[in-house]
Amino acid sequence: MKTRSPQPLLTGLMWAQQGTTPGTPKLRHTCEQGDGVGPYGWEFHDGVSFGRQHIQDGALRLTTEFVKRPGGQHGGDWSWRVTVEPQASVQEIPPPSMAATMSSGPPIQDFPC
């Protein structure tokens, strides 16, 4: 995710639900039509300083929220929360594995090897 700010904060999220199917769990980092995830989308946002989105992935509902508080030497403070809720009537759903990343500043440039 990237805001429409002049110096945007870039965030990303990857998740995999383990133990639900035999074999290697599917690692997800995007939501695309036809990949079995859905529904998904923004509940509300202003594109710059706050937003909430929901992602339904099988028996899991992921909610990501962000808010920016103005001020400070770097344009503000960011808070980001990810909530995962089981949506199935199954007794126990294994917790998902998650990884998150955040970056701000100039874009990373590719250098020839």
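Mentor: Start with a definition: two strands pair if DSSP finds at least two bridges between them. Strands are DSSP runs (E, at least two residues), numbered from the N terminus. This is a predicted model: local features need pLDDT of at least 70, side-chain atom pairs count only at pLDDT 80 or more, and totals for chains, interfaces and linings use all residues. Residues are numbered from 1 along each chain as its sequence is written, and side-chain values use heavy atoms, leaving out hydrogens and water.
Trainee: Ok. What is the bridge partner of Phe44 in S3?
Mentor: Arg52. S2 and S3 pair in the antiparallel sense, over 5 bridges.
Trainee: What's the strand order in the open sheet?
Mentor: S2-S3-S4-S5, 4 strands with antiparallel pairing. S2 (40-45) and S5 (77-86) each have a single partner strand, so one side of each lacks a neighbour in the sheet.
Trainee: New topic. Is Gly51 buried or exposed?
Mentor: Gly51 is buried, because its relative accessibility is 4%. Buried means under 20% relative accessible area, with a 1.4 Å probe and protein chains only.
Trainee: And where does Gly51 lie?
Mentor: In strand S3, residues 50-57. Beyond four places in sequence, Gly51 touches Trp42, Phe44, His45, Thr64, Glu65 and Phe66. Contact means heavy atoms within 4.5 Å.

Terms used
Buried < 20%, exposed > 50% of the residue type's maximum accessible area, 1.4 Å probe, protein only.
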